[in-house]
Amino acid sequence: MSVINQNNSFAMTRETLISVEQISRDYGDYRAVDNVSFTVERGDVLGFLGPNGAGKTTTMQIISGVLTATAGTVSIAGFDILDFPRQAKAHLGFLPEVPPLYTDLSVDEYLAFAARLRGITRSRVAAAVEHSKQRCGLNGTGRRLIGNLSRGFQQRVSIAQAIIHTPAVIILDEPTGGLDPIQIHEIRQLIRQLGEEHAILLSTHILPEVQTVCNRVIIIHEGRLVLDKHLDRLHEDSGKNTVRAAFRRPPLPETLQAIAGVNTVDRIGEQTFLIDLDPESDALDVILQRTVNSCWGLYELIPHTDSLEETFLRLTLGEEDRVNAPGDVA
C-alpha cells in the first residue's frame, strides 16, 4: 500500500484504514480488553460506545499507539503500529478528550507548531496551516490568541491540529463535550465532512451524536465487542419478530402470553403491549382472529424497532447474551 502524504487527494475507495485483530490488554490478572477485532474503512464514521470501565479508552489507546496490546495486532493504513510505528502514526490524527491547546499562542502559531511536530517540512508548513484552517472553518482567526476564542472555535482548532498532516485516520474522543447546541451542530457538520475522505473513529457518551454523524456503531462491554453494525442494519434487524399492539379493550397479558408462538408480552401502557413472536408460528394470525372474536378493539399493530439507546442498554445491562461478532457488519 502506498504512503499517503498531505498533498494527496483521497479517492473514495473502500480501503481498510484501521485493522484491529484479536487485541487483548491485561493488567496483572485483570483483562481490560478481551479479544477485540474490527476494521474501519475510508468513508466510515464509526461510533465507538461503551459504559464507563468497558475498555473503550484502553482500546483507543492501543489503536493510537499509546499502549501496547498484550496480544493481537493493530494496523493503520497498512502499517503495523508496533513494527512500523512512525509510518503508522504518520497516517493517524488524534483529538483527546482534553484538547492539547496552548492558549497563549495564536491559532497560526499553534498550528505551525503542530505541523512541525508532524514532520511537515518548513517550506510546506504555511500551506498546511491554511489548508487545515480552511477545512475547519477557522479563516480569519489566524492571529487571534487561542485563549480568547470561544469554546466551539477552540474545539475547531483542536480538530485542525489533528488533521494538519492530512491523516488517513482520525480518532476523536468526546469532540462535542462542553459545547452549546449551536457549537455542537457545527462540529457535527465538520465531522460529517471529514468522514467523506477519512476513516473516523468517534468515541462519545452521547448516543444521539452517533445517530447524527455516524454510519456504523461498535459497542464494547466488559472488554468484549458486543455489537458491530451499520446503523441502517441495526434498525432493519431489530423488531423483525416484535410488534407493538394497542387495544381499546385490552386483554390480560396472560391471555396474550397463552397464545402459541407468543414468546413474551410486555405491557408498556394501559392499552399497549410489546409482543415478541416466534417467526415460524401463526401467532399474529391468531391474535387478529381473537381480536375480532373477543372484541378487543385492536387499533394499532406495527413492527417495533429498538432505538440505539434501547440496544445499548440491552447489551450492556446483561439483558441478552453477549456475542463477539466482529464479522457482523453488512
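Trainee: How do the residues lining the second largest pocket divide into nonpolar, polar and charged?

Mentor: The lining divides into 10 nonpolar, two polar and three charged residues, where Ala, Val, Leu, Ile, Met, Phe, Trp, Tyr, Cys and Pro count as nonpolar, Asp, Glu, Lys and Arg as charged, and the others, Gly among them, as polar. Please keep in mind that this is a predicted model, in which local features need pLDDT of at least 70 and side-chain atom pairs count only at pLDDT 80 or more, while totals for chains, interfaces and linings use all residues. Residues are numbered from 1 along each chain as its sequence is written, and side-chain values use heavy atoms, with hydrogens and water left out.

Trainee: Which residues are closest to its centre?

Mentor: Of the 15 lining residues, Ala114, Leu117, Arg118, Gly119 and Gln161 are the closest to the centre of the second largest pocket.

Trainee: Which helix gives the most to that lining?

Mentor: Helix α3 gives the most, with four residues, and α2 (85-90), α3 and α5 each supply at least two; helices (H or I, at least four residues) and strands (E, at least two) are DSSP runs, numbered from the N terminus.

Trainee: Tell me about α3, then: which of its residues are buried, and what covers them?

Mentor: In helix α3 (residues 107-117) the buried residues are Val107, Tyr110, Leu111, Ala112, Ala114 and Ala115, and buried means under 20% relative accessible area, with exposed over 50% and partly exposed in between (1.4 Å probe, protein chains only). What covers them includes α4 (122-135) and α5 (151-162), going by contacts, that is, heavy atoms within 4.5 Å. Just after α3, glycine 119 takes a positive phi of about 80 degrees.

Trainee: What follows α1, and how many of its residues are buried?

Mentor: Helix α1 (residues 56-63) is mostly covered, with six of its eight residues buried, among them Met60, Ile62 and Ile63. It is followed by glycine 65, whose phi is positive, near 85 degrees.

Trainee: Switching to charges, how many salt bridges does the structure hold?

Mentor: It holds 11, a salt bridge being a side-chain nitrogen of Lys or Arg within 4 Å of a carboxyl oxygen of Asp or Glu. Arginine 216 pairs with aspartate 228, their closest N and O atoms being 3.0 Å apart. That pair links distant parts of the chain, arginine 216 in strand β9 (residues 216-221) and aspartate 228 in strand β10 (residues 224-230), 12 residues apart.

Trainee: Are arginine 216 and aspartate 228 buried or exposed?

Mentor: Arginine 216 and aspartate 228 are both buried. Elsewhere, salt bridges that share partners join Asp26, Arg31 and Asp34 into one network. Arginine 31 meets aspartate 26 at 2.6 Å, N to O, and it also pairs with aspartate 34, with the closest N and O atoms 3.6 Å apart. Arginine 31 counts as partly exposed because its relative accessible area is 36%, and aspartate 26, at 23%, is also partly exposed.

Trainee: Last one: where is alanine 199, and what does it touch?

Mentor: Alanine 199 is found in strand β8 (residues 199-203) and is buried, with a relative accessible area of 0%. Leaving out residues up to four places away in sequence, it touches Leu17, Val40, Glu41, Arg42, Gly43, Asp44, Ala168, Val169 and Ile170. For the protein chain as a whole, buried residues make up 48% of the 330 residues, and the secondary structure comes to 11 helices and 14 strands.

Technical notes:
1 Å grid on protein atoms, 1.4 Å probe; cavity = no way out; pocket = protein on both sides within 12 Å on 5 of 7 lines; lining within 4 Å.
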